[in-house]
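Reader: I would like to learn how to read the features of a fold. Could you walk me through one example?

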Amino acid sequence: MKKNKNSDIEELNNFNNHASSWWDEQGKFSALHKINPFRLEFIKRLQPIENKYILDIGCGGGILTESLAKNGAIVTGIDLAEEVLTVAKLHSLDVGVKVNYQLISAEEHAQQNLEHYNLVTCMEMLEHVPDPAAIIQAAADAVKPNGWVFFSTLNRNYKSYLLGIVVAERILNVVPKGTHTHEQFIKPSELSAMARKSGLTLKEGSGIEFNPLLNHYGLSKNMDINYLMGFQKN
């Protein structure tokens, strides 16, 4: 595991402990598999990705990363959870999808690749780091002028606590227990403000309908729980 001041060792250990089940679509990360098509749909609606250089920050086991590559993008995925990244590398080899995976922090990678990427994604990751603003700044540094940056995270309110933690983690087990800390959830207004300070302009936002009780998932106008935001660099 690579140490970094903007990472939480307990968070990384939690993901590493469940690394082997990352690609089990009915397992502990089934929620990520279910919402992934809608994350990809949101990105492609705002920006074509074929032949574009894309950085996926906090790529985990590579669910979104592989989807981007399968759609013709030239993708680099970075993460600090070493065992999870190993799973991502092995899975991409198994299915024959070319992805450049690296064990490196967003801040360090951005400084090595300033304004290199056409598009940067960072999905379900900001709520897991001590300083989300630093990750947002790294994404802004890594993307080219007029390039696009996409974030997804969880809103902070009672509804997100009930459905995002109590139901998802403790009742239905569609997310590993201990994955989320409600205090670290980020309101859309907070995310937009941090992005604006990093020179990013909000272009569109969307909720992700996440109802494991009814097995219903999709894009939505309701941003109370999971949500996506697409920004363009000034």
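Author: Happy to; we will take the sheet, then the helices, then a few single residues. This is a predicted model, in which local features need pLDDT of at least 70 and side-chain atom pairs count only at pLDDT 80 or more, while totals for chains, interfaces and linings use all residues. Residues are numbered from 1 along each chain as its sequence is written, and side-chain values use heavy atoms, with hydrogens and water left out.

Reader: What is the strand order of the open sheet?

Author: The general idea is that strands of a sheet pair through backbone hydrogen bonds, either parallel or antiparallel. Two strands count as paired if DSSP finds at least two bridges between them. Helices (H or I, at least four residues) and strands (E, at least two) are DSSP runs, numbered from the N terminus. Here, 8 strands form an open sheet in the order 3-2-1-4-5-8-6-7, with mixed pairing. Its edges are strand 3 (100-103) and strand 7 (216-220), each of which pairs on one side only. From one strand to the next, the twist averages 15°.

Reader: In which sense do strand 1 and strand 2 pair?

Author: Strand 1 (residues 53-57) runs parallel to strand 2 (residues 74-79), over 5 bridges. Within that pair, Leu-55 sits opposite Thr-76, and Ile-57 sits opposite Ile-78. Burial is judged by relative accessible area: buried is under 20%, exposed over 50%, and partly exposed in between (1.4 Å probe, protein chains only). By that scale strand 2 is mostly covered, with 5 of its 6 residues buried.

Reader: Which strands does helix 6 touch as it packs on the sheet?

Author: Contact means heavy atoms within 4.5 Å. Helix 6 (residues 132-142) touches strand 1, strand 4, strand 5, strand 6 and strand 8, and its direction makes about 150° with that of strand 5. Such axes are lines fitted to C-alpha atoms, for helices over the stretch in contact, and angles run from 0 to 180 degrees between N-to-C directions.

Reader: How do the axes of helix 6 and helix 8 cross?

Author: They come within 9 Å and cross at roughly 50°, helix 8 being residues 188-197. Angles under 35 degrees count as roughly parallel, over 145 as roughly antiparallel, 65 to 115 as roughly perpendicular and the rest as oblique, so helix 6 is oblique to helix 8. At the contact, Pro-132, Ala-133, Ile-136 and Gln-137 of helix 6 meet Leu-191, Met-194, Ala-195 and Lys-197 of helix 8.

Reader: Where does Asn-51 lie?

Author: Asn-51 belongs to the loop between helix 2 and strand 1. Its phi is near 65°, a positive value in a residue other than glycine. Asn-51 counts as exposed because its relative accessibility is 55%. Glu-115 also has a positive phi, near 50°, and lies in the loop between helix 5 (106-112) and strand 4. Its relative accessibility is 41%, so Glu-115 counts as partly exposed.

Reader: Is Met-125 buried or exposed?

Author: Met-125 is buried, because its relative accessible area is 15%. This residue is in the loop between strand 4 and helix 6. Not counting residues up to four places away in sequence, Met-125 touches Ile-57, Gly-58, Ile-135 and Ser-152. Met-125 and Ser-152 are 27 residues apart in sequence and 7.7 Å apart in space, C-alpha to C-alpha.
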